[in-house]
Structure formats: C-alpha cells, structure tokens
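Here's a quick tour of one protein model, from the overall fold down to a few local details. Have a look at it first, then read on.

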Amino acid sequence: MKAIAISGSPRKNGNTEKLLDYGLKVLEKEGIETELVPLQGKDIKPCTGCLGCRKNSDKRCVLKDNDFEKIFRKMLNADIIIVGSPVYFGSATSQLTALLDRAGYVSRGRGNLFSRKLGGPVVVARRAGQNFTFAQLISWYIINDMIVPGSSYWSIGFGGAKGEIEEDSEAIASVQRFAENLAWLAHKITK
Ligand SMILES: Cc1cc2nc3c(=O)[nH]c(=O)nc-3n(C[C@H](O)[C@H](O)[C@H](O)COP(=O)(O)O)c2cc1C
C-alpha cells in the first residue's frame, strides 16, 4: 500500500511540508509506504481547457512540460493521496491547482481513475482564508469520486514564518488523527 503527500508550497521545508510530514510518519508506523511529493521547482503548466485529453485516442494531457506526467503517475500508483497547500489570498497555490486541474480532468476523461482512492487536504494559513482553501480542496476529492475520512478537527494549521507550524499542536494532532483514520480505513478495505 502506498501513500503520497503532495505539497503545493513553493517554499522548501516550509510549514505545509512539516505538517504533511506528521501525517506521513503516522502512515509509515501503520506499515504504509510513504512519499512526500513537493511541487516547488516543478514545471507543471496550468490547464488551457483545450480538451486535447478528451479528443486524443490515448486520452493524455497534450501540454508539454517536465513534471506533470511523472507526478500524475505517482498519483495513479498511490492508494492514498493527501494534498497540502499554504493559503495564498484565500486559495490553494497555483502550483497545486495547476496539477489538480489537469490530473482531475484527465482522470475523469478516462473513467475516474482516482475513484475510491483515499485522501484529503491539509492547509496552512498565517491568519485567514483557511476555510475557503480547505473547502476548495475537499471539493476536488468529492468530484473525483474519492473517499475523505474525518479527524478530530479540520486539518488546518497556523504559521507564517517557516517552522511556526511546530507551535500549532492542535493542527498537528488533527493531521495525525486524519492519518490514523486513513490507515484504519485503508487496512479495513483491503482485508
Ligand atoms: C503570495 C502569498 C499569499 C498569502 N496569502 C495568505 C492568505 O490569504 N491568508 C493567510 O493567512 N496567509 C497567507 N499567506 C501566508 C502563508 O499562507 C503562510 O506563510 C504559510 O505558512 C506558508 O506556508 P509554507 O511555509 O508551506 O510555504 C500568503 C503568503 C504568500 C507568499
């Protein structure tokens, strides 16, 4: 069983990565293989709405860049997909939405390739906009026919400067419980 956590932060070792790491550690302890997939420095173009992925016989995205196909393949191979984003002006980052728009559209065009995969979002804000971003990302899971377990709270944390998330013990506990629930569910449905 494999879990990936995609970080939409353009900052290396930032708060989003740190918070995601707490979840990945729990999944590892539960015997699940894990991988953090940071998007910083990755070349993923935004969807142009050309519908090439619906018209071509191989149903692949026609945009040419270095990293979309590699990360899309990681998503297809994973049983659990967590996505994390810092809040940028009340939204997920453009790095993450570029990936999710294209991955979601291609997947749906090929008969919902993410169907019944498990996962959910993790969001970090300095001060505000976290609920919008959390809702934005949950919506991606729901329209892609995926399964999102709950937690002790929404997986939302607060931090501005790098490392500040370490002071948000409630966010860490929420992400850890979320990961426990992901592992519990994954083990149940593969029995
Ligand atoms: C362009 C930009 C926009 C931001 N917009 C918001 C915002 O709307 N609300 C907020 O609380 N924090 C906002 N922030 C702060 C980040 O969400 C915060 O610093 C977060 O911890 C960054 O996560 P990271 O370390 O994983 O990159 C913004 C930061 C940047 C660079």
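What pattern does the protein follow, read along the sequence? The answer is β-α-β-α-α-β-α-β-α-β-α, with six helices and five strands in the protein. Helices (H or I, at least four residues) and strands (E, at least two) are DSSP runs, numbered from the N terminus.

A word on the ground rules: residues are numbered from 1 along each chain as its sequence is written. This is a predicted model, where local features need pLDDT of at least 70, side-chain atom pairs count only at pLDDT 80 or more, and totals for chains, interfaces and linings use all residues.

Taken along the principal axes, the C-alpha atoms of the protein fill a box of roughly 50 × 40 × 25 Å. Buried residues (20 or more other C-beta atoms within 10 Å of their own; exposed means 12 or fewer, partly exposed in between; C-beta atoms are placed from the backbone) make up 44% of the 191 residues.

Now for helix 5, residues 130–143. This helix has 14 residues and reaches 20 Å from its first C-alpha to its last, close to the 20 Å expected at 1.5 Å a residue (the expected span is 1.5 Å times one less than the number of residues). Which of its residues are buried? They are Q130, T133, F134, Q136, L137, W140 and Y141. Seen down the axis of helix 5, the buried residues fall within an arc of 160 degrees (directions from the helix axis to the C-beta atoms), so they line one face of the helix. On the other side, A135, S139, I142 and I143 are exposed.

| Residue | Phi | Where |
|---|---|---|
| N13 | about 55 degrees | loop between strand 1 (2–7) and helix 1 |
| N112 | about 60 degrees | loop between helix 4 (94–109) and strand 4 |
| D145 | about 65 degrees | just after helix 5 |

N13 counts as partly exposed, with 14 C-beta neighbours inside 10 Å. N112 is partly exposed as well, with 15 other C-beta atoms within 10 Å.
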